[in-house]
Amino acid sequence: RVRIPLPVSNILWEHCIRLANRTLVEGYANVKKCSNEGRALMQLDFQQFLMKLEKLTDIRPIPDKEFVETYIKAYYLTENDMERWIKEHREYSTKQLTNLLNVCLGSHINKKTRQKLLAAIDDIDRPKR
């Protein structure tokens, strides 16, 4: 047995939690179809995950917690708010933003608005190329 010093343990936990949260968002971004109830279940699942983490580790605040919560809540945005949200949240990948729009299509975003929002995503991504 090798004892891991607390500061090292905390760094390891922080990296594991950050990776888990990033993986959750990537998984949510891969959803092809989702209802309001499905997004609510995603929120509940994430809350359960946080409760278990808080019992396992003393790391506070939980790294990237807002990253996951913000992505889940974006599903509920109106068409007008979605464009502003896309421009303000550059921390998400083009794929994550595009898939979010595709899931919202038909539920509360129409095709015309979707095209406009996809163009906004493309404009954000263009300087990176």
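Here are a few friendly notes on how this chain is put together.

1. A word on the model: this is a predicted structure, where local features need pLDDT of at least 70, side-chain atom pairs count only at pLDDT 80 or more, and totals for chains, interfaces and linings use all residues. Residues are numbered from 1 along each chain as its sequence is written, and side-chain values use heavy atoms, with hydrogens and water left out.

2. Look for two domains: the assignment, which is automatic or from a database, gives domain 1 (1-76) and domain 2 (78-128). Their centres, taken over C-alpha atoms, are 23 Å apart.

3. The size of an interface is often given as the accessible area lost when the parts come together. Here the two domains bury about 1300 Å² between them, 56% of it on carbon and sulfur atoms (buried area uses a 1.4 Å probe and is summed over both parts). Phe67, Tyr71 and Tyr75 supply 39% of the area that domain 1 buries against domain 2, more than any other three residues.

4. One salt bridge is found across this interface (a side-chain nitrogen of Lys or Arg within 4 Å of a carboxyl oxygen of Asp or Glu).

5. Now find Leu12, which is in helix α1 (residues 6-29); a helix here is a DSSP run of H or I with at least four residues. Leu12 counts as partly exposed because its relative accessibility is 46%, and buried means under 20%, exposed over 50%, with partly exposed in between (1.4 Å probe, protein chains only).

Conventions
Helices (H or I, at least four residues) and strands (E, at least two) are DSSP runs, numbered from the N terminus.
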